[in-house]
Amino acid sequence: MADSPKEPADESTETAAPRKQRKPIGWSIIFIAVLVALSVVLVWRRDGMHGVTEILFSDLELFGGILPRVLAGCLLGAFIAEILPHEKVSRSLGPESGLKGLVIGTAFGAILPGGPFTAYPVAAALLTVGADFGAIIAMVVSWTLIGYGRVIAWELPILGTDFTIWRIALSVPIPILAGALGRIVYGRLYRKGEAQ
């Protein structure tokens, strides 16, 4: 068989910056481990080994109930990262999308269903496929402040229509402002560091 001529290397792969590898053990894990160890000692001194094992089994039961949701959310994020067209996401939610990207992020966050097991993996997937910090900050803040699930389930029945409408109307600018601020901070801190 004759060797086929080599095609020129794709420029996008050459210019792409390598992603930072996440360390499995960072300062936050160490801090949490120290707090857990301190708590275990305090509970053991107060309630003995029975108190420690009771809390441990209760937490394992809670973890078993949460684990399927976490797995489903992570799978959802991974599939979204594969399905979404990167160039369209980058155009709609990327650094050059301007105010439109912040508004789209805010609207998407407001209608995003589910809890943190859905929202954060989706946010991570969007970052992976070309969305910028600002749009994703707007999305997460909007999901937190405006998320329709909580509005329908809790706010409307308990606080009424007038309060809910005014609260949402006053909350809409906050995700957009947070996203714009996120773009400024990211541009000044991170891009300056990448250029050096």
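Biologist: What makes R46 exposed or buried here?
Modeller: R46 has a relative accessible area of 64%. Exposed means over 50%, buried under 20%, and partly exposed in between, using a 1.4 Å probe and protein chains only. So R46, at 64%, is exposed. Keep in mind that this is a predicted model: local features need pLDDT of at least 70, side-chain atom pairs count only at pLDDT 80 or more, and totals for chains, interfaces and linings use all residues. Residues are numbered from 1 along each chain as its sequence is written, and side-chain values use heavy atoms, leaving out hydrogens and water.

Biologist: And why is D47 called partly exposed?
Modeller: Its relative accessibility is 37%, so D47 falls in the in-between class.

Biologist: How do you know that R46 forms a salt bridge with D47?
Modeller: The closest N and O atoms of R46 and D47 are 2.8 Å apart. A salt bridge needs a side-chain nitrogen of Lys or Arg within 4 Å of a carboxyl oxygen of Asp or Glu, so this pair passes.

Biologist: What makes D132 and R183 a salt bridge?
Modeller: Their closest N and O atoms sit 2.7 Å apart, so they pass too. The pair links distant parts of the chain, 51 residues apart: D132 is in the loop between α5 (116-128) and α6 (133-146), and R183 is in helix α9 (residues 173-195).

Note on methods:
Helix = DSSP H or I, 4+ residues; strand = E, 2+ residues; numbered from the N terminus.
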